[in-house]
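Subject: Handing over the structure, with notes

Dear colleague,

Please find the structure below, followed by my notes on what was found in it.

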Amino acid sequence: MVFTTSNVFLQVLVDAGITHAFVNLGSDHPSLLEAFIQRNKDGLKSLKIVTCPNEMVALSCAQGYAQACGKPAAVIVHVDCGTQALAGAVHNVSTCRTPVFIYAGASPFTQDGELAGSRNEFIHYLQNAVDQPAILRQYMRHTAEIRTGKNVQQVVLRALQYAKSEPQGPVYCWAMREITEEHLDPAAVPDVRVAERWSPLELSPLNKKTVETICAGLLKAKKPLIVTSYLGRNRAAVEHLVKLVDLLAIPVFQSCLSTVNLPFDHVSHSGVSFGQHNPLVEEADFILILDCDVPWMPLTTKPSSTAEIYHIDCDPLKDRMAFHAFPSLLRARADAAIALEQLYDHLTASPSLLPTSLISTRLASLTTKKAAHNATLAALEEAPKDDIMTGPFIVASLRRNSPKKTTVCNEAISNYPHVWNHMSPTEPGSLHSSGASSLGWALGGAIGVQLAAEAQPELKQDLVAVVVGDGSFIFGVPSAAYWIARRYDTPFLTIVLNNGGWKSPRLSMLGVHPNGLGSAASAGELNVSFGPDAPDYGGIAAAAGGAWAKKVLKASELEAAMKEAIRVVTVEKRCAVLDCWMERF
């Protein structure tokens, strides 16, 4: 038996707890393919290999997997070409702080057979990039070259330390082909004590002075506000946030959210926004920002100059953003769950100091506003008189008909808020977005969410649904995604909010040039229309993965179509696509 670097590489991934590898293989992986077969032949515990015909879909699958279970998966791609083909998903996993281990081979560095794996194909010259990791280095938490099989374990484990240390994110390792083919003595492979010596860094709790300062501000505030985006990545943090806001009756605003940070039926849930004007921020005399990238848009929303503002975050400096400037009296890099528990414990240690009258007044106000907000949302969900579907109407139908254990992947872009508001999720982890801005995440993400349940059975869902715009659907490489879904038994429901093109560029234009020449132009004139002959989205999914598909043109047709689509996914166990036609723009 030939025992190589690749055999050790696969073993250390297994030892480190990696359960799934999303792969797109090539000429740099001969020893890896041999190692796959050898592990199966020897009956060794192994990774589940998920073949992905497209690299961006592979990385999106890994993102959905980690968003569901909190653990990194592996993504294996082919030299510089496959690295580039990871495309916008690289931005997504970095910006969403999603742990992923990415590995790529590299062209051989010898050509005359000096070493095993030497060049034997013409492409080995063409793919010999000068600096392969530079393709994505600025998005990685760590990059490393594997230079020998003798320490491949340490290189991989160090990379995973970075991936799993906050702020979490992707890491990239690569190796030239001769290195992967290096022959090793199995008996000489060292025991690097994976479970004992390679833990990630832990975030610190708040120091005592910071706890006292923030609590003093909370106690004297008349109009406190908490703003968060991704606190719910740690589901324990949601429980601690609920306890704190119940204690003090504090409104919570979820800005540019990517996960459920507070149950939407909680009285303190005070809305979502993706950059719109936010009067709650302007009225507040105390603002606590928790795990949040964009708490408000400074162009449209100005907090009071006298407001006390504090920021607790796993990534408070946002050092991967070239510019980020929001006011704060104090910034702390800390674990939000621990910090919230500290604040709660400090406040309840002296219950006589709690402003009970003020808390009662705030709670009454929150209750009244919540009822009014719910009534507004209910009115938006009513059947349209003109039989033309709207975002709220479609999402409400999905909510009513979905089983209790449903996870939704939201990539509806211009309809982002409608999906959050009208799904009204109450369980942490039951609704996700990419947490970033490169479109094409949701289809692969839905596959990853389901595969996470193989690693953690308690995550098993009765239904996974995707809500996308027609533009996002195309960006998601459906020809690859639906093939993977059928091949690996991960069926999901897709709701295409079909408005005929890219509406968001038009909205961006109007935000800058509200009365410009383009304001009166058609979508076709602006080159953002998919008409007059739009793609057959359901037909693409059917051809690629045997999906059931239906085009819904009228609001009166939706309810029956929604019930049948959900039945197909949950009973027949195959993908379903509802192409829902909305008003054109």
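Helices and strands here are DSSP runs, numbered from the N terminus, where a helix is H or I over at least four residues and a strand is E over at least two. This is a predicted model, in which local features need pLDDT of at least 70 and side-chain atom pairs count only at pLDDT 80 or more, while totals for chains, interfaces and linings use all residues. Residues are numbered from 1 along each chain as its sequence is written, and side-chain values use heavy atoms, with hydrogens and water left out.

Let me begin with helix α16, which is followed by Ser424, a residue whose phi is positive, near 45°. Of the 8 residues of α16, 7 are buried, where buried means under 20% relative accessible area, exposed means over 50% and partly exposed lies in between (1.4 Å probe, protein chains only). The buried residues are Tyr416, Pro417, Val419, Trp420, Asn421, His422 and Met423. They pack against β9, α14, α15, β13 (406-411), β14 (431-432) and β15, with contact meaning heavy atoms within 4.5 Å.

Helix α15 (residues 391-401) has 9 of its 11 residues buried, so it is largely enclosed by the rest of the structure. The buried residues of α15 are Gly391, Pro392, Phe393, Ile394, Val395, Ala396, Ser397, Leu398 and Asn401. What covers them includes α14 (356-380), α16 (416-423), β15 (463-469), β16 (493-498), α22 (558-572) and β18 (576-581).

Strand β13 is also mostly covered, with 6 of its 6 residues buried. In a regular strand the side chains alternate between the two faces of the sheet. In β13 both faces are covered, with Thr406, Val408 and Asn410 buried on one side and Thr407, Cys409 and Glu411 buried on the other. Two strands are said to pair if DSSP finds at least two bridges between them. β13 pairs with β15 in the parallel sense over 6 bridges, and the partner of Thr406 in β15 is Leu463. β13 also runs parallel to β14, to which 2 bridges join it, and there the partner of Val408 is Leu431.

Which strands make up the open sheet of 6 strands, and in what order? The order is β9-β8-β7-β10-β11-β12, with parallel pairing. β9 (269-273) and β12 (330-333) stand at the edges, each with a single partner strand, so one side of each is left without a neighbour in the sheet. Neighbouring strands of this sheet are turned by 15° against each other on average, direction ignored; axes are lines fitted to C-alpha atoms, for helices over the stretch in contact, and angles run from 0 to 180 degrees between N-to-C directions. Strand β11 (residues 308-313) pairs with β12 in the parallel sense over 4 bridges, and Ile312 stands opposite Ala332 in β12. Helix α11 (residues 235-248) lies across β7 (224-228), β8 (252-255) and β10 (286-290), and runs at about 165° to β7.

Within strand β8 you will find Ser255, which is buried, with a relative accessible area of 4%. The side chain of Ser255 reaches the backbone oxygen of Val294 at 2.6 Å. Leaving aside neighbours within four places in sequence, Ser255 is in contact with Val227, Thr228, Ser229, Ser273, Val294, Pro295 and Trp296.

Strand β6 (residues 170-176) has 6 of its 7 residues buried. It is joined by 7 bridges to strand β4 (residues 100-106), and the two run parallel. Strand β5 (residues 142-145) pairs with β6 in the parallel sense too, over 4 bridges.

Finally, please look at Asp470, which is in helix α18 (residues 470-475). Asp470 is buried yet has no salt bridge, and the nearest side chain of opposite charge, that of Arg584, is 5.6 Å away. A salt bridge is a side-chain nitrogen of Lys or Arg within 4 Å of a carboxyl oxygen of Asp or Glu; Lys and Arg count as positive and Asp and Glu as negative, while His and the chain ends are not counted. A polar atom of the Asp470 side chain lies 3.0 Å from the backbone nitrogen of Gly500, and the backbone nitrogen of Gly501 lies 3.0 Å from a polar atom of that side chain.

With best wishes

Methods. Polar contact = N/O pair within 3.5 Å; in protein donor to acceptor, adjacent residues only side chain to side chain.
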